[in-house]
Each structure stands twice: as C-alpha cells, then as structure tokens.
Amino acid sequence: MARSVMSEIKKDHIHRLLARGKRVDGRNWDEFREITIQTNFTETAEGSARVKLGNTDVLVGVKMETGIPFPDTPDKGVLATNAELIPLASPTFEPGPPDENAIELARVVDRGIRESEMIDLDALCIVPNEEVWICFVDIYVLDYDGNLFDASFLGAVAALKSTIVPASRYGKGEDFKLPIRCLPMSVTAVQIENSILVDPTLDEEKVAAARLTVTTDENGDIRAMQKGLKGSLTIDQIKKIIETSQRLGKELRKLVG
Amino acid sequence: MEAMRLIDENGLRIDGRKVDELRPIRIEAGVLKRADGSAYVEWGKNKVIAAVYGPRECHPRHLQDPSKALVQCRYNMIAFSVMERKRPGPDRRSVEISKIIAEALEYVIFTEYFPRTSIDVYIEILQANAGTRCAGLTAASVALADAGVPMKDLVPAVAVGKVDNQVVLDLTKEEDNHGQADLPMAIIPRTGEVLLMQMDGHMTVEEFNKAIDLGYKACEKIYQLQKDALRRRYAVEEIETFEEAQHPQTAMEE
C-alpha cells in the first residue's frame, strides 16, 4: 500500500482536540459512527450485506460450494475468508493480489467467526472424509474511511446470518438456512497519546500509536483479539477496550437482530 | 437446436420486454467519498460501481507521457457477482475488457490538458447479469464527469444481440447464453462516432444494420439518464440567503 500523507496541521488539530477530550467529528470516545446494514444486496450471493460505518463502505458476500474436507477435520465444513482492498476504495489501495493489510483483515475476521463457532461446521458435512460444504466469505472494501475491521466483521456476520445454503442446486436435498450458533461482534479501538478512541476514522488511524480489536460472544467472553500498529498499549488500556467491546458488542448485535 | 424459446408468439421476451426495449436503468453520480468521482448503475439485475482517481501522478513513472495523461482502467467482477464463485483477481476476459474501456474513454477525455498524469478508472461488477461491460462503461463516464475531468461527451453503451432469429436490444444472461449473437457498442452521442464495438455469434449484414440502429436509439436514452444523474447530483436545492452565508451554522472548532 502506498504511504498516505497527512498534513501536520490536521495531526495537530486531532491532538489538540484530544487534549480537551474531544474528537474531530464530535463523537464520544466510546461512540460508533452511524451504521447502516443492507442485507441481500447481491442476489447472486448465497448471503450478502453492505455495511456503511460513517463513510466507510464494505460489501460482504457468502458463496457456498461443495468440496473435499481437510484431512484433520473430515466431518466438518470449511470456512474460507478473503478480503480485497480494491483500488476503487482509496487512493492508497493498489491493484494486485491481497497485500499484508488485506490478509490481516481477512484473518482477523475469520478468527472471530471461527473461534466463536458462529457457524455450525458439523452441520455442513455431507459425507465424512469425502464431501462437505465450503463457505466462502468475500469482503470488498468500497470506500475507506477507517475501521475496516469492525465494518467487515459486522458485514460478515450479517451476510452469514442471511445465507441460504443452495443444496438443491447441488442435488443435495432442500435448501436450508446456514446453521448459526451465535452472533460474535468485534469492537476496535485505537490509542492516541494514551487516549482510547473506539471506531477510529481514517485520520484517527493515521495518528494512532496502537490499535486493538476485541471480538466477544453473547456471554461477553473473548473469542479473538488483534493488536496492530507500531505503538504499545498498557494492560489497563487493554482491559478498558475489552470492557468496552463487551458493552458495545451488545448494541451492535441488536443491529444484526 | 433451439432448446429454449426466448421470444413468445406475442413478440415478448422471458422478462416481458419487447425486442427493442431496455431493462430498467438507474444511475446515481457521486456515491463514494474517497474517490475523486464515482457512479453507481443498476441495469436490470446488473449492479455496477465505478470510481475515478486523478488526474494524479502517474505510477509507474516509465508510463508517463510528457504530452498527455494516461487513461488506465481496471474492470473487475467481485467473487460473488456470479452464481459460480469467481476466484478473485484478473482473468483474460477482464484484462481485455479493461483495455477496450480504457481506449474508449481515452478518446473522449482531453488528455492533453494533463501531461505526465494518470487518470485511473476502476469498475467493480457487484452483481452480473449480461451487459456488464456496457453498464461499466456507462458508469465510468458518469464517474469521470463527477470527478470534473474535461471530456468531449459522456459515453453511453449498450449491447444488441440476436435471439430466436430476431435482433434484440440489451440481452439478459439467459438470452446471451442461448442467443445467436452479441454486439456490445458505445458511442459519442454528439457526433455519432463509435468508441467500442465487439461482436460474437452470427449475423447477416442486414441484421447488423438493424442492430446498430437499435443500439444508437438506446444509447440516446441512456445518455439522457447519464445527464439526469449528473444534474441530480449537482442540482442546487435553494440559494442560500445573504444572512446564512454570513453566519454559517457549522463553524470549525478552534
């Protein structure tokens, strides 16, 4: 990804406001931007969701195919998550195979879905050792204004929840809803000069020292985490973000229903 | 050989259209924040988004032209835009489509105004149902206008084809798969020049003449929709009063 430049005056502006406990767009430190979720956006997908998180815009789709299971999980379906930072979404995204940022994004989303056991992979086995359902989750960023982790995760959860497995198309009986066990939610925050800000915008991400994504389940238990960027976090900051993720996760979950 | 009848005895097609009728088309300009210009097109069951970046510094530098801007295009179908999941990344088809769209757009853009720069056009097919290159080019030219890139004209595009031995406008996927010919075209409405033309299948010269006649008429309609979209995007709701102009409500902090 090409380095993105940011004017010193803009950086100063963020820092000065933060010193007075304020954010550029007037939000509280633990406040998400406005979120809209449009499910079934793409008819050719088995499930899809377009999520707008402020100016960040992400489209997630699910395709189901049959295939061979992994040897170590012969009686489980397969989850495959992929993210594309397409150049349409930002002047800093370049065409080509997924770079390290796209791969990190896909893996963090995948981890939250996989480790929360959101999808009942046992129910996606057709013939053990031979044939299982493969669930492809594809994430496309359309407009990039920060916090791709939460926008993509919300999109993936909403898309999976709306997925109908096209069994009849594959001669495997009647179509059925993708079996969902729970709704995990991810919340991402950044640390800027020891202040914690939830749902960072692109400008906030650019001045941030460290980032933490915490994915929790309905019980508030932690299912996945990812610390990013070059700075550090204190244990107290981490605990604060976990507590915030539990609390805000409940609110986000209501949006998916 | 024809296993499937695509036009019934009343001359109506599977989706109820007449042979010279377009699918419903909706165009919206300025749909993305980060891009310099953008447009979204829904065309029947096609969903297409286009974004423009530039004129901006040209990378890689050896492609820079000291006399004009370089027009680059990337046409891409997203993985779940078709029934059978498409593996991400360019294939030979999308590389070819990207090339002919870039060439079509280069002709209408005043590239000599922006030497050494690059104008990058990105077209993403979010949902495909035949005619995506035409929908993509139609969207791309609106996105260029939205980006303020000076152009000779907008570029409407449409596909004409042959189905059940009849010349038919704007094929759907079923008609394309079982039809006899497909002829995508794009024109400059003000001059009538042809900017994009491809054909595959089998047509007599008479059928071809009929097809381009249908295509030109349809492009005129699409051209109106393109202009309407830009007018809606840039329409001024009401002129602000002097008082409001002197005391803007949203003052920047500090």
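This is a predicted model: local features need pLDDT of at least 70, side-chain atom pairs count only at pLDDT 80 or more; totals for chains, interfaces and linings use all residues.

Biologist: Leaving aside neighbours within four places in sequence, which residues is Met151(B) in contact with?

Modeller: Met151(B) sits in the loop between helix 2 and strand 6 of chain B. Setting aside the neighbours within four places in sequence, its contacts are Val108(B), Ile109(B), Phe110(B), Leu144(B) and Ala145(B).

Biologist: How many Å apart in space are Met151(B) and Ile109(B), C-alpha to C-alpha?

Modeller: Ile109(B) is among the contacts of Met151(B). In sequence the two are 42 residues apart. From C-alpha to C-alpha, their separation in space is 4.3 Å.

Biologist: How does Met151(B) count, given its C-beta neighbours inside 10 Å?

Modeller: A residue needs 20 or more such neighbours to be buried, and 12 or fewer to be exposed. Met151(B) has 16 C-beta neighbours inside 10 Å, so it counts as partly exposed.

Biologist: At what angle do helix 2 of chain B and helix 4 of chain B pack?

Modeller: Two packed helices are described by the angle between their axes and the distance between the axes. For helix 2 (residues 132-146) and helix 4 (residues 205-234) of chain B, the axes are 10 Å apart. Their crossing is right-handed. The packing angle is about 35 degrees.

Biologist: Which residues of helix 4 of chain B make that contact?

Modeller: From helix 2 of chain B come Thr138(B), Ser141(B), Val142(B), Ala145(B) and Asp146(B). The residues of this contact divide into 5 nonpolar, 3 polar and 2 charged. On helix 4 of chain B, the partners are Ile222(B), Gln226(B), Ala229(B), Leu230(B) and Arg233(B).

Biologist: Which element of chain A gives the largest share of the side that touches chain B?

Modeller: In this pairing, 29 residues of chain A are in contact with 27 residues of chain B. Helix 1, strand 3, strand 4 and strand 6 of chain A each supply at least two residues of that side of chain A. The largest share, 5 residues, comes from strand 6 of chain A.

Biologist: What span should helix 1 of chain A have, at 1.5 Å a residue?

Modeller: Helix 1 of chain A has 12 residues, and its end C-alpha atoms are 16 Å apart.

Notes: Residues are numbered from 1 along each chain as its sequence is written. Chains are lettered from A and ligands numbered from 1 in the order in which they are written. Two residues are in contact if their C-beta atoms, placed from the backbone, lie within 7 Å. Helices (H or I, at least four residues) and strands (E, at least two) are DSSP runs, numbered from the N terminus. The expected span of a helix is 1.5 Å times one less than its number of residues. Axes are lines fitted to C-alpha atoms, for helices over the stretch in contact, and angles run from 0 to 180 degrees between N-to-C directions. A crossing is left-handed if the near helix is turned anticlockwise from the far one by less than a right angle, and right-handed if clockwise. Ala, Val, Leu, Ile, Met, Phe, Trp, Tyr, Cys and Pro count as nonpolar, Asp, Glu, Lys and Arg as charged, and the others, Gly among them, as polar.
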